[in-house]
Amino acid sequence: MQEDAQERNALRLDKWLWAARFFKTRSLASQAIELGRVRLNGNRIKAAHATRTGDALEILVGDARFEIIVRALSSQRGPAPVARALYEETPASLTRREQALLMRGHGHEPAQSIKGRPTKKQGRDLRRLRGAEGE
């Protein structure tokens with residue numbers, strides 16, 4: 001009987017992340033947990049870990065980093081206002097995300113447009129610039 005009460009007070013982490021609308025599917029939530037993008041009290045965990053109210057989670061979704069406290073459990077995915085009631089974001093996390101939003105408003109980060117290794121032409125241009133600096 002006590003086990004039933006404990007099970008009602010706990011929920012799989014991947015299921016809760018999906019219900020709280022951090023990820024579109026449970027499999028994406030599981031994958032993020034496996035890759036270490038979701039941490040409980042700073043520690044890596046597994047997707048089947050039981051989440052309880054009061055747990056402190058750190059979630060990386062793309063460039064955004066959320067630090068939240070679980071306030072309620074739900075195994076059903078509902079509308080966004082209901083999902084927002086499942087957690088409380090810490091003030092430090094809110095200010096950090098607001099600052100990042102302001103920075104994005106000023107322009108994009110030039111380094112984000114660089115993908116992979118330079119092409120042959122870009123390599124020649126780099127060598128030409130470095131050769132001009134050495135002289």
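In what order do the five strands of the open sheet lie? The order is β3-β2-β5-β6-β7, and the pairing is antiparallel. Helices (H or I, at least four residues) and strands (E, at least two) are DSSP runs, numbered from the N terminus. Two strands pair if DSSP finds at least two bridges between them.

This is a predicted model, in which local features need pLDDT of at least 70 and side-chain atom pairs count only at pLDDT 80 or more, while totals for chains, interfaces and linings use all residues. Residues are numbered from 1 along each chain as its sequence is written, and side-chain values use heavy atoms, leaving out hydrogens and water.

**The sheet and helix α5**

Strands β3 (43–44) and β7 (87–89) are the edges of the sheet; each has a single partner strand, so one side of each is left without a neighbour in the sheet. Helix α5 (residues 91–106) packs on the sheet and touches β6 (64–70) and β7; contact means heavy atoms within 4.5 Å. The direction of α5 makes about 160° with that of β6. Axes are lines fitted to C-alpha atoms, for helices over the stretch in contact, and angles run from 0 to 180 degrees between N-to-C directions.

At the β3 end, β2 (residues 38–40) and β3 pair in the antiparallel sense over two bridges. Arg-39 has Arg-44 in β3 as its bridge partner.

Asp-14 is in helix α2 (residues 13–19), and Phe-66 is in strand β6. Buried means under 20% relative accessible area, exposed over 50%, and partly exposed in between (1.4 Å probe, protein chains only).

| Residue | Relative accessibility | Class |
|---|---|---|
| Asp-14 | 2% | buried |
| Phe-66 | 14% | buried |

Not counting residues up to four places away in sequence, Asp-14 touches Arg-26, Ala-29, Ser-30, Ile-33 and Ala-47. With Ser-30 there is also a side chain to side chain polar contact of 3.0 Å (a pair of N or O atoms within 3.5 Å; within protein, one must be able to donate a hydrogen and the other to accept it, and residues adjacent in sequence count only if both atoms are side-chain atoms).

Phe-66 and Ala-19 are 47 residues apart in sequence and 16 Å apart in space, C-alpha to C-alpha.
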